[in-house]
Amino acid sequence: MRNKLLSAAAIALALALASPLVATKTQAQQAKAPEPPPTPVEVARADIARIAPRRWAPGSVVSRDDAKLATSAAGRLEYVAEVGTRLKAGDRIAKLEDQAIRLRIEDARTEVARIKAQRELSDRTRDRLEKLASTNSIAANQLDEARAQVLQLTAQLQQVEVRVRSAQYDLEQTEVRAPFPGVVSERLATRGEYVATGASIAHLVDTTNLEAKVQAPLALAALVKPEMKLPVRIGDREFKASVRAVVPIGEERSRQFELRLALGENPPMVGSALEVALPDREVAQTLAVPRDALVVRENGSYVMRIKADNTAERVEVKAGASDGELTAVTGELSAGDTVVVRGAERLTVGQKVRIAERAAVAAAGTTSARSG
């Protein structure tokens, strides 16, 4: 038993003597470890900007030329363009059978020829009677009757010529042609069906002349003006569009008004949903930072500010209205402060930074992600 106690005491003494040596060795290793290099970041300055609080209103993409085409003729359909057919203005989109109308034209033209022949005969008879009347060889009423006959046949000829033109117009109406360039989006009648006068046959949509149609609360109508540039958001894509027209008529039930925005080049498809940021009140001067400078977390938002010694510090802020790339903020931040706009999510308080180009920041972020 005594030997065991002596062995335990010896072991404890050895550990006590070894501890300072181990601690000294660890401190030496830490002293030799090099400091990590400064983290590359991209920065910008907080500044005073004119920003108006905005309210996002839903809308959709519509075509300025969108029509369900019909005809003033009636008949059986011989041809309707397939859905998806792209047409130029004046191209045929549908055709009705026209045999009955052609027969009407032929009949009317035959009637024109008959009346012309009768009038020519009446003209010659009148001319002879006028010569005889000059020598008092005939009664005056005979000449009057001849002249009346000519006038009557002339009126009949004009009437039948109108019938010919009317039938020719009906013949033209058996062909439905595109009033503007577009794409057939729907066939409302198919080949072989009988369509009545005024019945819709096909739906034509111009897919190049597009705009945004937005319904917005009446309270915002006074703040929206024609040609004003407003932010438009479609999915993850955001851009600015010019207000083409503000319809100054409110809808009684919904208390909303309509506005149209020109979408310019490369517009989305007709029917696409979008949102438009409308000014909620007048523009105000406020402190703003680039939107990318904000780091949003569940417990709030913050920015990483760069101090004079190139170290980072965290500043809690509250985000406000946005206008393009700028977002209004309130907090312990001042105009002229340097904030990180790329790389802030990787920084810790007190960490050294190096201002770098965007490409270098992106590369550093990729390397950090891989190593993590």
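1. Strand β6 pairs with β9 (residues 182-187) in the antiparallel sense over 2 bridges; in this predicted model, local features need pLDDT of at least 70, side-chain atom pairs count only at pLDDT 80 or more, and totals for chains, interfaces and linings use all residues. Residues are numbered from 1 along each chain as its sequence is written, and side-chain values use heavy atoms, with hydrogens and water left out. Strands are DSSP runs (E, at least two residues; helices are H or I, at least four), numbered from the N terminus, and two strands pair if DSSP finds at least two bridges between them. The bridge partner of Arg-86 in β9 is Val-183.

2. The pair belongs to an open sheet of 4 strands, ordered β4-β11-β9-β6 with antiparallel pairing. Its edges are formed by β4 (66-70) and β6 (86-87), each of which pairs on one side only.

3. As a whole, the chain has 4 helices and 23 strands. Of its 372 residues, 33% count as buried (under 20% relative accessible area with a 1.4 Å probe, protein chains only). Among contacts (heavy atoms within 4.5 Å) between residues at least 6 apart in sequence, 75% join residues at least 24 apart. The accessible surface, by the Shrake-Rupley method with a 1.4 Å probe, comes to about 23100 Å², and 51% of this belongs to carbon and sulfur atoms.

4. The largest pocket has a volume of about 220 Å³. A pocket here is an open set of points on a 1 Å grid over the protein atoms alone, where a 1.4 Å probe fits, with protein on both sides within 12 Å along at least five of seven lines; lining residues have an atom within 4 Å of a point. The volume is the space filled by probe spheres set on the points. There are 14 lining residues, and Arg-54, Trp-56, Ala-321, Ser-322 and Asp-323 are the closest to the centre of the pocket.

5. Two or more lining residues come from each of β3 (54-63), β13 (229-234) and β20 (312-323), with β20 giving the largest share, 4 residues. By residue class, the lining divides into 5 nonpolar, 4 polar and 5 charged.

6. Of these elements, β13 pairs in the antiparallel sense with β14 (residues 237-251) over 6 bridges, and Arg-233 has Glu-238 of β14 as its bridge partner. The hairpin of β13 and β14 has 2 residues between the strands, and Gly-235 takes a positive phi near 65° there.

7. Strand β13 also pairs in the antiparallel sense with β16 (residues 273-279), over 2 bridges. In that pairing, Val-232 stands opposite Val-276 of β16.

Note on methods: Buried < 20%, exposed > 50% of the residue type's maximum accessible area, 1.4 Å probe, protein only. Nonpolar A, V, L, I, M, F, W, Y, C, P; charged D, E, K, R; others polar.
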